[in-house]
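Dear colleague,

Please find below the structure that I am handing over to you. My notes on it follow directly after.

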Amino acid sequence: MSDLRIDGDRLWRTLMDLATIGATPKGGLCRLALTDLDKEGRDLFVRWCEEAGCTVTVDEVGNIFARRPGRNPDRPAVCMGSHLDTQPTGGRFDGIYGVLAGLEVIRSFNDQGIETDAPIDLIVWTNEEGARFSPPMLGSGVAMGVFTLDHVLDIRDTDGVRLGDELARIGYKGEVPVTGHAMGAYFEAHIEQGPVLEAEDVEIGVVTGAQGQRWYEATVTGRESHAGPTPMRLRRDALAGAAVMMEAVEAIALEVGGDACSTIGRVQVHPDSRNVIPGRVWFTIDLRNPDPDALARMDAMLRERLAAIADKRDLTLELTDFWAFPTTPFAPELVGHVRRSVERRGLSHRDIVSGAGHDAVYVARKVPTAMIFIPCENGLSHNEAENIKPEHAASGCAVLADAVLATAG
């Protein structure tokens with residue numbers, strides 16, 4: 001397998017070509033799911049796949065499948081994939097690298113006349129980021145039975161635009177049944193989105209699994225009143241109470257320690273007037289931990305502490321579970337293929353647990369799955385300054401090619 005060659009220069013050119021669609025002045029991307037720019041990116045990807053000899057199909061939620069045939073069409077496909085949609089101020093590589101590394105694997109197999117026993121599928125999953133339609137990972141979630149198709153098609157963005165309508169508008173409301181695609185294995189190459197690999201000068205992260213996540217929406221209700229005549233002692237200030245709760249959210253992760261993370265990502269204040277004491281505050285909470293017991297403990301701490309703050313301040317708290325997935329181990333056999341590749345190629349590597357959610361997490365519920373990480377500059381992702389080195393992109397792609405070939409036969 002170490003003799004298998006990929007064209008790193010071609011991979012980089014392809015990455016840069018796709019990065020022109022939705023490019024931002026600061027060097028990043030804004031290509032939100034199911035916008036005209038997303039359609040343009042999808043169309044270019046489809047054209048590249050067809051030029052590489054693949055047959056392209058689209059399912060009912062807009063997931064794209066590009067198939068390179070194998071000697072045995074009855075075998076379920078060995079799959080690669082990720083996503084093409086971005087955050088509003090996203091980078092050029094998050095998700096996109098995994099898709100185009102998969103394309104380079106197919107192109108390199110073509111160049112070297114490599115046949116595989118199993119078919120190879122390259123997948124673009126719909127709305128992984130969740131930036132426009134929430135929650136994230138909707139395309140893979142429907143495909144793996146986490147969400148129903150009807151539910152996802154009816155999700156609306158902040159402007160009230162329906163996901164299903166946008167799929168149809170951009171021409172990616174396919175007819176292939178969304179749960180009917182046979183997958184024998186799944187590999188996803190990705191930038192790390194964190195600083196560990198770069199800090200340790202490691203070329204490849206062998207991903208053994210993904211940490212668990214729990215998302216919540218909190219609504220804190222007090223009473224609006226005038227900012228001048230209302231004495232401090234008689235106020236029911238929803239924002240002041242919510243601020244204390246936000247401090248508690250941060251403190252939970254610091255107290256649990258290890259790889260625990262807690263984040264407040266969105267805040268809305270009502271009535272949002274300069275001289276009115278806020279009567280209602282809505283905010284999001286994101287808790288993460290690779291240890292399921294520790295994540296459960298964080299959940300219990302969150303509920304107890306926020307309720308106590310609300311009670312002390314005479315506020316009403318509504319804490320809603322919005323989205324969650326458990327700690328997810330990846331398939332040892334496929335992880336082994338990745339590890340053997342980096343060893344044969346003499347690449348520096350370490351085992352790592354994914355701190356972010358990926359389509360691979362949902363796919364792993366039903367299909368043997370593995371991931372490959374490459375370093376990103378300063379650990380930055382979901383940021384226009386997101387960057388990687390071309391040589392790391394090539395190394396990760398070569399490992400992906402080895403692992404796919406070892407699995408597909």
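Helices (H or I, at least four residues) and strands (E, at least two) are here DSSP runs, numbered from the N terminus. The model is a predicted one, in which local features need pLDDT of at least 70 and side-chain atom pairs count only at pLDDT 80 or more, while totals for chains, interfaces and linings use all residues. Residues are numbered from 1 along each chain as its sequence is written, and side-chain values use heavy atoms, with hydrogens and water left out.

Loops and backbone

Asn378 belongs to the loop that lies between β16 (369–374) and α12. Although Asn378 is not a glycine, its phi is positive, at about 60°. For accessibility, buried means under 20% relative accessible area, exposed over 50%, and partly exposed in between (1.4 Å probe, protein chains only). With a relative accessible area of 54%, Asn378 is therefore exposed.

Asp201 also has a positive phi, near 55°, and is a residue other than glycine. Its place is the loop between α7 (196–199) and β6 (204–210). Asp201 counts as exposed because its relative accessibility is 66%.

One runs from Ser134 to Pro135, with omega near 10°; Pro135 sits in the loop between β4 (120–124) and α4 (138–143). Another joins His270 and Pro271, where omega is about 10°, and Pro271 lies in the loop between β10 and β11 (276–277).

Gln193 is located in the loop between β5 (183–191) and α7. Contact means heavy atoms within 4.5 Å. Leaving aside residues up to four places away in sequence, Gln193 touches Asp94, Ala356, His358, Cys376, Gly379, Ser381 and His382. From Gln193 to Tyr362 the separation is 169 residues in sequence and 19 Å in space, C-alpha to C-alpha.

How many of the 10 residues of strand β12 are buried? The count is 9, so strand β12 (residues 280–289) is largely enclosed by the rest of the structure. Two strands are taken to pair if DSSP finds at least two bridges between them.

Strand β7 (residues 212–221) runs antiparallel to β12 and is joined to it by 10 bridges. Within this pairing, Tyr216 has Ile285 of β12 as its bridge partner. Strand β9 (residues 261–263) is likewise antiparallel to β12, with 3 bridges between them, and Ser262 stands opposite Leu287 in β12. Strand β10 (residues 267–270) pairs with β12 over 4 bridges, again in the antiparallel sense. Here His270 is found opposite Arg280 in β12; His270 is also the residue joined to Pro271 by a cis peptide bond.

Helix packing

Axes are lines fitted to C-alpha atoms, for helices over the stretch in contact, and angles run from 0 to 180 degrees between N-to-C directions. Angles under 35 degrees count as roughly parallel, over 145 as roughly antiparallel, 65 to 115 as roughly perpendicular and the rest as oblique.

Helix α10 (residues 332–345) packs against helix α12 (residues 390–408) at an angle of about 130°, and their axes are 9 Å apart. α10 is therefore oblique to α12. On the α10 side the contact is made by Leu334, His337, Val338, Ser341, Val342 and Arg345, and on the α12 side by Ala398, Val399, Asp402, Ala403, Ala406 and Thr407.

Helix α1 (residues 8–18) and helix α2 (residues 36–51) cross at roughly 150°, with axes that come within 11 Å. These two helices, α1 and α2, are therefore roughly antiparallel to each other. Thr14, Asp17 and Leu18 of α1 meet Gly41, Leu44 and Trp48 of α2 in this contact.

Cysteines

A disulfide is a covalent bond between the sulfur atoms of two cysteines. In this work a disulfide is counted as a pair of cysteine sulfur atoms within 2.5 Å. How many disulfides does this rule give? The count comes to 0. Cys49 is in no disulfide, and the nearest cysteine sulfur, that of Cys54, is 5.2 Å away. For Cys54, the closest cysteine sulfur is in Cys49, and 5.2 Å is too far for a bond. Cys49 counts as buried because its relative accessibility is 0%, and Cys54 counts as buried at 6% relative accessibility.

With kind regards
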